[in-house]
Amino acid sequence: MSESNASGPINALTVDVEEHFQVSAFESVVRREDWDGHESRVVSNTERLLDLFDEVDVRATFFCLGWVAERQPALIREIVRRGHEVGSHGYSHRLIYEQTPSEFREELLRSKRLLEELTSGAVEGHRAASFSIGRSNLWALDVIAECGFRYDSSLFPVVHDRYGIPGAPRGIYRLTTPAGHSLIEIPPSTLAVGSRTLPVAGGGYLRLYPGWLTSWAIRRLNRQEARPAVVYVHPWEVDPDQPRIEGAGLVSRFRHYVNLRGTATKLRRLLDRHRFGRMSDLLAEAAPPRSVSLSSEAQSDRAAVRA
């Protein structure tokens, strides 16, 4: 990290720990019951990220799938041993809007209990598979709060075919859920450009955008908007030699495989140029989040889902 950025806002560095074949884009061609038959690469890929973070002396938050934790418990312990924190990415990477509230609760608790047993500590953060909380399933926020999580990082304020809540706040806020629970929301980062809100947070956007553009976006968030960036990456994104999944559509293949060879280099440059830490570091340094109540539209969404 350059000296000029040492005093800037701390940005959150997050990792969604999942296998390369578990992404939502491949659900139509990779059945969950066949997952154990695919080559596991999550350990070596996550260790590559851990080594990179050690090199630049940065700590991150790892949102881990319960499915991965069950099969690779030593990896979860290694993440904690190296000074990082662990959050939940659910259990089986099922899109939340394809689950009932009871199914989601069962999977979320299963993941949380498993991760807390492995880390010997509280798991306070949650991120939904593919950011899959939208207007149709805001009931999920009540489940997250009732399961004992302090914060969520799933409400992406963008337009997308699989996720997003356009018009949702772009910064950190304290959310009042439909049932009246309090939950801190830490959305992935976006930029307001004219009338549009553009994602700049990582993942496919990190791979698709030139590195200078992502770095410029983080500087703009830090300096002009006085807010931290929230960046995410997946272990499979630093694995350009991963096996290719056959049968997926052209758009899905493009989203998953575009510019894999450049991810590690782009990420290293971001870590050198900007100040990063864990979600807990961001919350400790940030101003108290403002409170936001869900709209009447959201209330009616929840009522419709429960009915």
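Modeller: Helices α1 and α9 are roughly parallel to each other. Their axes come within 10 Å and cross at roughly 30°. The crossing of α1 and α9 is right-handed. From α1 (residues 42-56), the contact uses Arg 48, Leu 49, Leu 52, Phe 53, Glu 55 and Val 56. From α9 (residues 263-273), it uses Ala 264, Leu 267, Arg 268, Leu 271 and Asp 272. By class, that contact holds 7 nonpolar, no polar and 4 charged residues.

Now the ground rules. This is a predicted model, so local features need pLDDT of at least 70 and side-chain atom pairs count only at pLDDT 80 or more, while totals for chains, interfaces and linings use all residues. Residues are numbered from 1 along each chain as its sequence is written, and side-chain values use heavy atoms, with hydrogens and water left out.

Next, the terms. Helices (H or I, at least four residues) and strands (E, at least two) are DSSP runs, numbered from the N terminus. Axes are lines fitted to C-alpha atoms, for helices over the stretch in contact; angles run from 0 to 180 degrees between N-to-C directions. Right-handed means that the near helix is turned clockwise from the far one by less than a right angle; anticlockwise is left-handed. Contact means heavy atoms within 4.5 Å. Ala, Val, Leu, Ile, Met, Phe, Trp, Tyr, Cys and Pro count as nonpolar; Asp, Glu, Lys and Arg as charged; the others, Gly among them, as polar.

Helix α1 has another partner. It packs with α3 (residues 73-81) at an angle of about 5°, their axes 11 Å apart. So α1 and α3 are roughly parallel to each other too. Here α1 brings Val 42, Val 43, Thr 46 and Leu 50, while α3 brings Leu 75, Glu 78 and Ile 79. That contact has 5 nonpolar, 1 polar and 1 charged residues.

Back to Phe 53 of α1, part of the contact with α9. Phe 53 is also one of the residues with the most contacts inside the largest nonpolar core, along with Phe 62 and Ile 133. That core has 81 residues. A separate, second core has 10 residues, including Ile 10, Ile 184, Val 230 and Met 279. A nonpolar core is a set of buried Ala, Val, Leu, Ile, Met, Phe, Trp, Tyr and Cys residues joined through side-chain atoms within 4.5 Å. Buried means under 20% relative accessible area, exposed over 50%, and partly exposed in between (1.4 Å probe, protein chains only).

Follow Ile 133 next. Beyond its neighbours within four places in sequence, its contacts include Ala 140 and Ile 144. The crossing is right-handed.

Phe 131 is buried, at 5% relative accessible area.

Val 23 lies between β1 (11-17) and α1. Val 23 is buried, at 8%. Leaving aside neighbours within four places in sequence, it contacts Glu 18, His 93, Trp 236 and His 256. Val 23 and Ser 130 are 107 residues apart in sequence, yet 8.0 Å apart in space, C-alpha to C-alpha.

Asn 259 lies between α8 (250-257) and α9. Its phi is also positive, near 55°, in a residue other than glycine. Asn 259 is partly exposed, at 40%.

Definitions and conventions
Parallel < 35°, antiparallel > 145°, perpendicular 65-115°, else oblique.
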